[in-house]
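Here is a short tour for a first look. Start with the overall fold, then turn to the way its parts pack.

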Amino acid sequence: MKRFVEQYYLLSMGVFLLFLLAWEFIAKIIDRAFILPSPTQVGVRLWELRETLLLVHMPATVSIIVVGIVLSVLLGVGLASWMSWNKTAERAFYPLLIASQTIPIIALAPIFVLWFGYTMWSKVAVTVLITFFPITVNTFDGLNSTSKELRELMLTMGATKKEIFLKLAIPSALPSFFSGLRVAVTLSVIGAAIGEWLGAQQGLGYFSRRMMTQFDGAGVFAPIVLLSLTGILLFVLVVTLEKWLLKWRNEA
């Protein structure tokens with residue numbers, strides 16, 4: 001199994017390197033760095049801007065992502081638990097939850113800027129809106145997928161509805177919750193970038209837009225690379241946390 005995983009990642013790295021080589025080759029042919037900078041030019045520009053990006057703009061973006069994810073987890077898990085516990089709440093809120101995803105996020109971002117100004121909270125609102133859905137839906141599905149046999153067994157043993165929820169439903173829903181969280185942390189990077197792109201005074205998305213106005217192609221791509229690395233790191237952290245908390249699933 002370990003050998004298969006190693007081959008799997010080696011194949012992915014090989015495809016990624018081929019992509020970079022093709023990108024470098026095409027960029028050399030076009031020879032218009034303001035349109036398509038090469039990976040080499042992006043790397044050089046990233047090194048030149050490292051202090052500004054890492055010390056000023058990246059902390060601003062990461063703070064938006066962290067606050068947005070924390071709020072999405074609290075609100076999403078709370079609403080999913082309420083809908084699982086109360087069928088009236090499910091009928092009232094689940095259709096609204098689905099409808100919220102039919103609204104283009106890019107159209108709501110300027111409205112949040114009007115409401116909250118150029119503060120962090122306008123970007124947090126976009127991040128919450130884009131990450132709230134996968135966490136809520138996956139947690140709700142996990143809570144509803146609890147084994148009926150185990151539920152009936154606990155009922156025959158005299159367990160209350162609260163005890164069944166805490167000792168059976170929640171542990172059973174954890175894998176689904178982490179599935180939603182893995183999706184949410186990657187989407188959170190997109191939400192923060194969109195919010196910063198449309199209205200901010202600092203952040204990686206803001207910096208990328210500013211470089212675009214200066215026709216600095218490599219400068220546009222440099223913060224995007226950091227955004228991508230941030231999303232990958234967050235995904236790895238969630239996977240690591242999931243493996244640590246759900247050791248029982250791996251041992252089973």
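## Fold

From the N terminus on, the elements of the protein chain run α-α-α-α-α-α-α-α-α-α-α. That makes 11 helices and zero strands. The model is a predicted one.

The C-alpha trace spans about 75 × 55 × 30 Å along its principal axes. The protein chain has 252 residues, and 38% of them count as buried. Take the contacts with a separation of 6 or more: 72% of them join residues 24 or more positions apart.

## Confidence

The pLDDT of the protein chain averages 86. A score of at least 70 is reached by 95% of the residues.

Helix α3, residues 50-85, has the highest mean pLDDT, at 93. Helix α11, residues 247-251, has the lowest, at 63.

## Helix α8 against helix α9

Two packed helices are described by the angle between their axes and the distance between the axes. Helix α8 covers residues 161-198, and helix α9 covers residues 204-213. Their axes lie 7 Å apart, at an angle of about 50 degrees. Angles between 35 and 65 degrees count as oblique, so α8 and α9 are oblique to each other. The crossing of α8 past α9 is right-handed.

Which residues of α8 meet α9? They are Ala193, Glu196 and Trp197. On the α9 side, the partners are Leu204, Gly205, Tyr206, Ser208, Arg209 and Met212. By class, this contact of α8 with α9 has five nonpolar, two polar and two charged residues.

## Helix α8 against helix α10

Helix α10 spans residues 217-245 and also packs with α8. Here the axes come within 9 Å and cross at roughly 165 degrees. An angle over 145 degrees counts as roughly antiparallel, and α8 is therefore roughly antiparallel to α10. This crossing, too, is right-handed.

The α8 side of the contact consists of Pro175, Phe178, Leu181, Arg182, Val185, Thr186, Ser188, Val189 and Ala193. They meet α10 residues, among them Leu227, Thr230, Gly231, Leu234 and Phe235. Further along α10, Val238, Val239, Leu241, Glu242 and Leu245 take part as well. The classes in the contact of α8 with α10 are 13 nonpolar, four polar and two charged residues.

How values were computed
Residues numbered from 1 in each chain as written. Predicted model: local features only at pLDDT ≥ 70, side-chain atom pairs only at ≥ 80, totals over all residues. Heavy atoms only, no water. Axes fitted to C-alpha atoms, helices over the stretch in contact; angles between N-to-C directions. Helix = DSSP H or I, 4+ residues; strand = E, 2+ residues; numbered from the N terminus. Parallel < 35°, antiparallel > 145°, perpendicular 65-115°, else oblique. Left-handed = near helix turned anticlockwise from the far one by under 90°. Contact = heavy atoms within 4.5 Å. Nonpolar A, V, L, I, M, F, W, Y, C, P; charged D, E, K, R; others polar. pLDDT = per-residue confidence, 0-100. Buried < 20%, exposed > 50% of the residue type's maximum accessible area, 1.4 Å probe, protein only.
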